[in-house]
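I set out to look up the contacts between aromatic rings, and then the charged groups placed over ring faces. The entries follow in the order in which I looked things up.

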Amino acid sequence: MVNTHTSLTLAVWLIMNALAMTCQAAEYCGCRDTSSIQSSDAPSEAELESIARARFQVQINQIRNLNYSGAGDYATTNSISTTSTGPGKSGLNDGFVKAKNGDLVLNDRRWYAAGTNAFYAAQADLLSPDDVTSLMAVHAMKGANVLRVFAFSDGYGTQQNILTPVPFQPRLGEYNEEALKRLDFVLAAAAAKGIRLVLTLTNYWPFYGGQRFYVDSVKGTGAPQELFYTDPEIRKYFKDYITKLATRTNTVTGQRYVDDPTILAWQLGNEPRTSNGYDSSNGFAPGALMTAWTREMSAHIKSLDGNHMVSTGHEGFTTNGDCCNGHTWLNNGLTGTDWVASNLEDPNVDFATLHVYPASWGFTPNDYTWLGENYIRSRGEQARRAGKPIVLEEYGMEEGWLSSRNTLFDFELSEARESGFDGSLVWAVLHREGYLSGVTTNFIFDYNGDGARAVLDEYQRGKSINA
């Protein structure tokens, strides 16, 4: 049964925002008309999806081509010790990381997140148990303390949008226990090496099912994907999935997920947004749908799990940023996200997230530094004023855009450091260092590849702060 109070709350929220739509107060630019948002400098939805497909598919192809089976120095036994497991204690992870006074803290000391995106780590068709322990061992040895992992796979996928032969949710509302056991094992393997995980719950892009799977299953192919945020039946199915994970007991360790400090945070989705201009074209204030949905889902998670943090997975696009100096689409609500309202003003969201992809967003090697002051520092300063931590959750570069990834990474990490960020996760380091020595393709590289030096420096920064 759908919660009628929640549905009424959502409806009231949307109506109020629609009425306020004609003139919103903008933090930097004053009052402006948002009724017909346009931005010629914005990449198209098709362009962004194509870039996202490359980010996912190329990395999966690299994983499939590794031919793990017993190869490499880090292939280890499937057995994971569970002797140190109890509430707030799992393996080498002792205590829950929390948000406090604008910082991430562990046991009342400032804590810094440094790691990479390994979205595929819990997908049983890609990695064996030995591969998972290898992955954790390599990243931990190099100094990573956080991995971002997709804790979902919906349906069986398509050849174009990634096949998923062992999905967590084969059909809407049906759960594959064998697939979920792999997530159990990933948590146990991470705990054994002192790594913590951001568990992402769905995807805006049509890879591993995500939002499109829910909408197609309930409304049929071709229905607007934005119904994921508004349709009561779809929202209920998504909350049911959240409940399934948050109330789960790990079959490897016997520990309830809510008691496992290996979970750094639950994340509402990977880059949740709307299609360009959807809000204004349908009579809503830019960001209204996403903000209402974020508040509903973050509150739902907190009602189930008071130990873990919640994050949004947002890229950083907002409705009230600097609209006067070019690149207006980042700040005028075109993508349907109000980063401030969803990340900084939602009391159940513990830290803000930021993604930065200059080349994908239409910047050139001659002007990407604009993002330093106007995006990275701007968002960092807003987070500081709001008293919330902020993590540079995705940063990456396709091979060849600059002469070296290190140039871009050094710049972005320096800007984040100067504006008080609390961590960073690169997209993405392949963990089989020494097996495909120096591999570098698309957005992917290994610990011998171009970009690794800047990432390893960042890992050492994290170690120094957390010592």
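Before reading any burial values, I note that a residue counts as buried when its relative accessible area is under 20%. I also keep in mind that this is a predicted model.

Entry 1, ring pairs. I searched the whole structure and found 27 aromatic pairs. I looked up the pair formed by Phe-228 and Trp-293, which is tilted, with 5.7 Å from centre to centre and 50 degrees between the planes. Phe-228 belongs to helix α6 (residues 227-230) and Trp-293 to helix α9 (residues 288-304), so this pair ties together parts that lie 65 residues apart in sequence. I then checked burial: Trp-293 has 1% relative accessibility and therefore counts as buried, and Phe-228, at 0%, counts as buried too.

I turned to Trp-361 and Tyr-375, whose pair is edge-to-face, at 5.4 Å centre to centre with 75 degrees between the planes. Trp-361 sits in the loop between β11 (352-356) and α11 (370-386), while Tyr-375 is in helix α11, 14 residues apart from Trp-361. Here Trp-361 comes out as buried at 3% relative accessibility, and Tyr-375 as buried at 0%.

I found Arg-461 over the face of Tyr-112, at 4.9 Å from the ring centre. I also noted Arg-196, which lies over the face of Trp-111 at 6.0 Å from the ring centre.

Conventions: Residues are numbered from 1 along each chain as its sequence is written. This is a predicted model: local features need pLDDT of at least 70, side-chain atom pairs count only at pLDDT 80 or more; totals for chains, interfaces and linings use all residues. Side-chain values use heavy atoms; hydrogens and water are left out. Rings of Phe, Tyr and Trp (its six-membered ring) pair if their centres lie within 6.5 Å; planes under 30 degrees apart count as stacked, over 60 as edge-to-face and the rest as tilted. Helices (H or I, at least four residues) and strands (E, at least two) are DSSP runs, numbered from the N terminus. Buried means under 20% relative accessible area, exposed over 50%, partly exposed in between (1.4 Å probe, protein chains only). A charge sits over a ring if NZ of Lys or CZ of Arg is within 6 Å of the ring centre and within 35 degrees of the ring normal.
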